[in-house]
Amino acid sequence: MCIRDSPYCVQRNFVKYCLLNDITPIAYGPISIQAKSDDANASVDSAIEDPVIVQMAKKYKVSPAQICLQWGMANGHVVIPETGKPERLAENMEATKFTIDAEDLKKIDKLDKNFRIYDPHRRGEFGAVPIFD
């Protein structure tokens, strides 16, 4: 199941449902680069600039992007970061070579802003299906 998933859009209930039903969440946008949503008034800063993420990157001696990727993998997601730069691709692959401790994973979970670039609730799609809470 391909979902928007990042430290700023955690989707705990939906991910839990997927995992309980042997559905592997595939996370696009796992780094949460600064974006504007389909709501013209909503925007969010990049998770890789969040002070919590930056501090953890220093602690683990990795990049903030690697923290975001490892967080997704630690939560059972297949992560699909987008890049056209060979050096970033190599950096992204290095995110598989370390782990984040449970306490730090919980700190990242608390960054959730439920930020969506495309928000089906606002558009009236999916009716009352509570998959996007």
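This is a predicted model: local features need pLDDT of at least 70, side-chain atom pairs count only at pLDDT 80 or more; totals for chains, interfaces and linings use all residues.
Figure 1. Buried residues account for 39% of the 133 residues in the chain. The secondary structure consists of six helices and five strands, arranged along the sequence in the pattern β-α-β-β-β-α-α-β-α-α-α. Of the contacts between residues at least 6 apart in sequence, 66% join residues at least 24 apart.

**Figure 2. The packing of helix 2 against helix 3.** Helix 2 spans residues 51-60 and helix 3 spans residues 64-74; their axes lie 8 Å apart and meet at an angle of about 95°. Helix 2 is therefore roughly perpendicular to helix 3, since angles of 65 to 115 degrees fall in that class. On the side of helix 2, the contact is formed by Ile53, Val54, Met56, Ala57 and Tyr60, which meet Pro64, Ile67 and Cys68 of helix 3. By class, this contact comprises eight nonpolar residues, with no polar and no charged ones.

**Figure 3. The surroundings of helix 3.** Helix 3 is mostly covered, with eight of its eleven residues buried. These buried residues are Ala65, Gln66, Ile67, Cys68, Leu69, Gln70, Trp71 and Gly72. They pack against helix 2, strand 5 (78-80), helix 4 (86-94) and helix 5 (102-109). After helix 3 comes Gly76, which has a positive phi, near 85°.

**Figure 4. The largest nonpolar core.** In soluble globular proteins, nonpolar side chains tend to be buried together. The largest such core in this model has 21 residues, and those with the most contacts inside it are Ile53, Tyr60, Ile67, Trp71, Phe98, Ile100 and Ile108. Helix 2, helix 3 and helix 5 each supply at least two residues of this core. The greatest contribution is that of helix 3, with five residues.

**Figure 5. The contacts of Ile108.** Ile108 is one of the residues with the most contacts inside the largest nonpolar core. When residues up to four places away in sequence are not counted, Ile108 touches Pro7, Ile53, Met56, Ile67, Trp71 and Ile100. Among these partners, Ile53 and Met56 belong to helix 2, and Ile67 belongs to helix 3. Trp71 is one of the buried residues of helix 3.

**Figure 6. Asp104, a buried residue in helix 5.** Asp104 is located in helix 5. This residue counts as buried because its relative accessible area is 3%, and the limit for that class is under 20%. Leaving aside neighbours within four places in sequence, Asp104 is in contact with Met56, Lys59 and Tyr60. Two of these partners, Met56 and Tyr60, also take part in the contact of helix 2 with helix 3. Asp104 and Val52 are 52 residues apart in sequence, while their C-alpha atoms are 9.2 Å apart in space.

**Figure 7. Thr24 in the loop between helix 1 and strand 2.** Thr24 lies in the loop that runs between helix 1 (12-20) and strand 2 (26-28). With a relative accessibility of 42%, Thr24 counts as partly exposed. Thr24 and Val78 are 54 residues apart along the chain, and 7.2 Å separates their C-alpha atoms. Strand 5, which covers residues 78-80, is among the elements against which the buried residues of helix 3 pack.

How values were computed
Residues are numbered from 1 along each chain as its sequence is written. Side-chain values use heavy atoms; hydrogens and water are left out. Axes are lines fitted to C-alpha atoms, for helices over the stretch in contact, and angles run from 0 to 180 degrees between N-to-C directions. Helices (H or I, at least four residues) and strands (E, at least two) are DSSP runs, numbered from the N terminus. Angles under 35 degrees count as roughly parallel, over 145 as roughly antiparallel, 65 to 115 as roughly perpendicular and the rest as oblique. Contact means heavy atoms within 4.5 Å. Ala, Val, Leu, Ile, Met, Phe, Trp, Tyr, Cys and Pro count as nonpolar, Asp, Glu, Lys and Arg as charged, and the others, Gly among them, as polar. Buried means under 20% relative accessible area, exposed over 50%, partly exposed in between (1.4 Å probe, protein chains only). A nonpolar core is a set of buried Ala, Val, Leu, Ile, Met, Phe, Trp, Tyr and Cys residues joined through side-chain atoms within 4.5 Å.
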